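Q: I've just opened this one and would like to walk through it with you. Could you start with a single residue and work outwards from there?

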Amino acid sequence: MTQDFIAALPKAELHLHIEGSLEPELMFALAARNGVAIPYASVEEVRAAYAFSNLQDFLDIYYAGADVLRTRADFHDLAVAYFDRAAADGVVHAEIMFDPQTHTARGIPFAEVIEGLLSAMAEAEARHGMTSALIMSFLRHLSEEEAFATLEEATPWLERITAVGLDSSEVGHPPEKFARVFAAARGRGLKLVAHAGEEGPPEYVRQALDVLAVDRIDHGNRSLEDAALVERLAREGMTLTVCPLSNLKLCVVDRIEDHPIDAMLAQGLRATINSDDPAYFGGYVADNYRAVAAARGLDRHALATLARNSFTGSFLPPDAIAAHV
Ligand code: ADE
Ligand code: ZN
């Protein structure tokens with residue numbers, strides 16, 4: 001019953017790395033299409049390799065998997081598969097992140113990546129009536145200078161990019177490292193998001209707010225260690241894009257029963273539920289809702305609040321948000 005309610009609940013997905021939606025079956029198909037060798041003999045062997053102790057464990061495998069993505073058609077097929085799957089979960093609007101540096105560093109032109117994604121977005125609208133937006137994420141283990149070069153490279157497509165983000169290895173790469181490039185992105189009319197408080201301390205969440213002036217916090221779990229920060233996030237109505245199955249697989253929580261999603265809502269935080277890297281973490285967005293609904297006993301009211309937060313926290317225009325909530 002709750003299962004049907006969850007799939008039927010119209011929702012937005014706000015935290016999804018398109019490279020993290022690469023299912024092993026598609027990885028093999030693209031490896032064959034592009035003549036790329038992969039270090040696995042079977043789909044089962046790939047899935048067996050997805051046992052992570054922390055964020056970096058996952059990132060090493062995730063960046064290696066992205067090597068099969070070579071052409072515009074690959075990025076198109078990847079994103080179409082995600083949009084089809086998300087539509088089946090009741091997603092009516094998706095704000096998808098992509099990591100251009102993961103590809104341009106391998107010699108794949110920026111244009112191939114973004115044009116493939118944009119054509120898939122048009123197809124999602126035609127097939128499912130699904131709206132979508134692009135978030136261009138900078139890899140925080142690289143330099144700010146490299147992020148600036150990526151922003152520059154994106155110039156011809158800036159009208160089609162809604163926001164910039166910050167992802168990859170968090171600890172040791174605080175938000176303040178990217179203060180200037182985020183200010184430049186803001187100056188070019190882009191919205192701003194950043195992963196903060198996934199593995200990094202509450203101080204990184206504060207920096208994302210104070211130094212980067214982000215519009216949303218991706219994850220934000222460790223904010224809960226700092227009562228004054230929680231109070232501020234609640235007061236400012238800051239949206240947190242929480243990813244329960246990711247948190248479980250990357251050991252941010254030990255057990256799904258320990259997930260703080262209901263504590264976040266109880267403290268007035270504008271939490272949302274998202275899948276992060278569904279092909280790697282064992283579930284798409286409805287699976288994430290189901291997992292916390294079962295583990296934390298969320299009722300329909302709480303589930304509806306989470307879905308409503310996904311629209312109010314989106315970058316849709318106010319009239320479109322009003323039409324969804
Ligand atoms: N890139 C893809 N998924 C990520 C995550 N959960 N945290 C940081 N960087 C990521
Ligand atoms: Zn993420």
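A: Let me begin with A213, which is exposed because 12 other C-beta atoms lie within 10 Å of its own, and the cut-off for exposed is 12 or fewer. Please keep in mind throughout that this is a predicted model.

Q: Where does A213 lie?

A: A213 belongs to the loop between α10 (202-210) and β6. Its phi is positive, at about 60 degrees, although A213 is not a glycine.

Q: ok, and what is phi of S168 near?

A: Phi of S168 is near 85 degrees, again a positive value in a residue other than glycine. S168 sits in the loop between β4 (163-167) and α9.

Q: Is S168 buried or exposed?

A: S168 counts as buried, because it has 20 C-beta neighbours inside 10 Å and the threshold for buried is 20 or more. S168 is also one of the residues that surround ligand 1.

Q: Which others surround ligand 1?

A: Besides S168, the residues around ligand 1 are H17, G20, L55, Y62, D167, H195, E198, S246, D276 and D277.

Q: And how does that shell split by class?

A: The shell around ligand 1 is made up of five polar, four charged and two nonpolar residues.

Q: Switching to helices: which residues of α4 are buried?

A: In helix α4, which runs over residues 55-65, the buried residues are L55, F58, Y62 and G65. They cover an arc of only 90 degrees around the axis, which puts them on the same side of α4.

Q: How far apart are R47 and D67, then?

A: R47 and D67 are 17 Å apart in space, C-alpha to C-alpha, and 20 residues apart in sequence. R47 is in helix α3 (residues 43-49), where it counts as partly exposed because it has 15 C-beta neighbours inside 10 Å.

Q: Back to buried faces: which residues are buried in α8?

A: A147, T150 and L151 are buried in helix α8, which covers residues 144-153. Seen down the axis of α8, they fall within an arc of 100 degrees, so they line one face of the helix. The face turned away from that buried side carries the exposed residues E145 and E152, and what covers the buried residues includes α6 (100-104), β3 (131-139) and α9 (179-187).

Q: Which residues have the most contacts inside the largest nonpolar core?

A: They are I18, L117, V164, L192, A194 and A208, in a core that has 91 residues. Taking L117 as an example, and leaving out residues up to four places away in sequence, L117 touches I18, F75, A79, F98 and L134.

Q: One more residue: where is L224 found?

A: L224 is in the loop between β6 (216-219) and α11 (227-235), and with 17 C-beta neighbours inside 10 Å L224 counts as partly exposed. Leaving aside neighbours within four places in sequence, L224 is in contact with V230, P260 and A263. L224 and Q267 are 43 residues apart in sequence, with 9.4 Å between their C-alpha atoms.

Q: Last topic, the whole protein: how many helices and strands does it come to?

A: The secondary structure of the protein comes to 17 helices and eight strands. The radius of gyration is 18 Å, close to the 20 Å that the globule rule gives for 325 residues, so the protein is as compact as a globular protein of that length. The C-alpha trace spans about 50 × 45 × 40 Å along its principal axes, and 49% of the 325 residues count as buried.

Q: And what percentage of contacts join residues at least 24 apart?

A: That is 75%, among contacts between residues at least 6 apart in sequence.

Terms used: Residues are numbered from 1 along each chain as its sequence is written. Chains are lettered from A and ligands numbered from 1 in the order in which they are written. This is a predicted model: local features need pLDDT of at least 70, side-chain atom pairs count only at pLDDT 80 or more; totals for chains, interfaces and linings use all residues. A residue is near a molecule or strand if its C-beta atom, placed from the backbone, lies within 6 Å of it. Ala, Val, Leu, Ile, Met, Phe, Trp, Tyr, Cys and Pro count as nonpolar, Asp, Glu, Lys and Arg as charged, and the others, Gly among them, as polar. A nonpolar core is a set of buried Ala, Val, Leu, Ile, Met, Phe, Trp, Tyr and Cys residues joined through C-beta atoms within 7 Å. Two residues are in contact if their C-beta atoms, placed from the backbone, lie within 7 Å. Helices (H or I, at least four residues) and strands (E, at least two) are DSSP runs, numbered from the N terminus. The arc is that of the directions from the helix axis to the C-beta atoms. The radius of gyration is taken over C-alpha atoms; the globule rule is 2.2 Å times the number of residues to the power 0.38.
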